[in-house]
Amino acid sequence: MKNNILKTGASSIVLGHGRYGNYFTTKPNKLLKVTHLIKDHNEFRHLSYVRRIYNYEKYYSIPEDLGFIIKKGDNFYRYLEDLVKFEYMTIFQDELYCCYMNYAGRNDLLDIINLIDYHNDFSIIKNYKSIHKFIEQILCGLKFLHEKDIAHLDIKPENIMYNEYDNKFRIIDFGFSSKYPFDDYIQTVKGTPGYFPKHFENVEISDA
């Protein structure tokens with residue numbers, strides 16, 4: 001596992017142990033995820049159902065149950081602010097929740113697409129067989145979620161990770177997920193602008 005991993009999302013930061021080891025206990029093959037929990041984006045809301053899926057670790061990378069909170073003024077909080085100061089982040093408003101999660105890879109699908117587009121690098125997606133394997137893994141992951149009446153609602157290249165050690169793709173970030181009858185989704189538009197279904201095409205997309 002690469003110990004210097006640093007990946008940022010709209011509401012989270014994921015760190016390899018080389019990035020957080022001076023502040024917290026490191027765990028083998030574990031990353032540290034830092035996120036801002038809000039009503040409309042709470043990754044832990046439906047994870048108990050995801051864990052009921054047989055062999056779920058094969059298809060998803062999700063946080064552990066137990067975590068801890070850091071507050072403004074804490075050394076690690078200030079360290080994070082400085083670490084991502086040149087990126088657009090909106091999570092530094094209040095306390096942040098930290099938890100360990102399984103290593104799912106250092107490249108997401110967008111990284112892989114960029115490797116192909118800008119560097120002509122086909123080291124991961126080598127042929128049609130590898131494309132078929134990727135599609136099969138993701139569709140199986142979605143199928144098992146749907147069988148548990150869970151909709152992910154934020155499937156995009158940045159939320160599909162590739163693990164170079166076991167050659168598998170995994171779905172991450174269940175912050176927008178909803179469970180049948182999807183009342184929370186019906187009441188509040190969820191997802192990433194630019195990836196909304198067509199019936200939300202008039203939603204304004206910000207620069208962020």
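In this predicted model, aspartate 108 has its place in strand S6, which spans residues 107–108. Its relative accessibility is 6%, and because buried means under 20%, aspartate 108 counts as buried. Where does the side chain of aspartate 108 reach? A side-chain oxygen of aspartate 108 comes to within 3.0 Å of the backbone nitrogen of leucine 110, and this contact is found at the start of helix H4, residues 109–119. Not counting residues up to four places away in sequence, aspartate 108 also touches Lys7, Pro157, Glu158, Ile160 and Met161. Helix H4 is followed by asparagine 120, for which phi is positive, near 55 degrees.

Serine 177 belongs to a loop, the one between strand S9 (168–171) and strand S10 (178–179). Is serine 177 buried or exposed? With a relative accessibility of 1%, serine 177 counts as buried. When residues up to four places away in sequence are set aside, serine 177 touches Arg45, His46, Ile150, Ala151, His152, Leu153, Asp184 and Lys190.

Arginine 51 is likewise placed in a loop, here between helix H2 (47–50) and strand S4 (63–70). Its relative accessible area is 23%, so arginine 51 is described as partly exposed. Leaving aside neighbours within four places in sequence, arginine 51 is in contact with Tyr56, Ile62, Pro63, Glu64 and Asp65. For one of these residues, isoleucine 62, the separation from arginine 51 is 11 residues in sequence and 9.0 Å in space, taken from C-alpha to C-alpha.

| Side chain | Backbone atom reached | Distance |
|---|---|---|
| Aspartate 108 | nitrogen of leucine 110 | 3.0 Å |
| Serine 177 | oxygen of phenylalanine 174 | 2.8 Å |
| Arginine 51 | oxygen of proline 63 | 2.6 Å |

Aromatic rings are the next topic. With ring centres required to lie within 6.5 Å, the count comes to 15 aromatic pairs. One of them is formed by tyrosine 20 and tyrosine 100, whose ring centres are 6.0 Å apart and whose planes make an angle of 65 degrees, an edge-to-face arrangement. This pair links distant parts of the chain, since tyrosine 20 is in helix H1 (residues 17–20) and tyrosine 100 is in strand S5 (residues 96–102), 80 residues apart. Tyrosine 20 and tyrosine 100 are both buried. Another pair, made by tyrosine 59 and tyrosine 60, is tilted, with 6.1 Å from centre to centre and 55 degrees between the planes. Both tyrosine 59 and tyrosine 60 are buried as well.

Beyond these pairs, one aromatic cluster is formed by Tyr23, Phe24, Phe68, Phe76 and Tyr79. A ring also takes part in an arrangement with a charge: the charged end of lysine 179 sits over the ring of tyrosine 49, at 4.5 Å from the centre of that ring.

Finally, there is the matter of open space. The largest pocket has a volume of about 1200 Å³. Which residues are the closest to the centre of the largest pocket? Among the 46 residues that line this pocket, they are Gly9, Ala10, Ser11, Lys156 and Thr192. The elements that contribute two or more residues to the lining are strand S1 (6–8), strand S2 (12–15), strand S3 (30–35) and S5.

How values were computed:
Residues are numbered from 1 along each chain as its sequence is written. This is a predicted model: local features need pLDDT of at least 70, side-chain atom pairs count only at pLDDT 80 or more; totals for chains, interfaces and linings use all residues. Side-chain values use heavy atoms; hydrogens and water are left out. Rings of Phe, Tyr and Trp (its six-membered ring) pair if their centres lie within 6.5 Å; planes under 30 degrees apart count as stacked, over 60 as edge-to-face and the rest as tilted. Helices (H or I, at least four residues) and strands (E, at least two) are DSSP runs, numbered from the N terminus. Buried means under 20% relative accessible area, exposed over 50%, partly exposed in between (1.4 Å probe, protein chains only). A charge sits over a ring if NZ of Lys or CZ of Arg is within 6 Å of the ring centre and within 35 degrees of the ring normal. A polar contact is a pair of N or O atoms within 3.5 Å; within protein, one must be able to donate a hydrogen and the other to accept it, and residues adjacent in sequence count only if both atoms are side-chain atoms. Contact means heavy atoms within 4.5 Å. On a 1 Å grid over the protein atoms alone, a cavity is a set of points where a 1.4 Å probe fits but cannot get out, and a pocket is an open set with protein on both sides within 12 Å along at least five of seven lines; lining residues have an atom within 4 Å of a point. Grid points are joined across faces, edges and corners, and a volume is the space filled by probe spheres set on the points.
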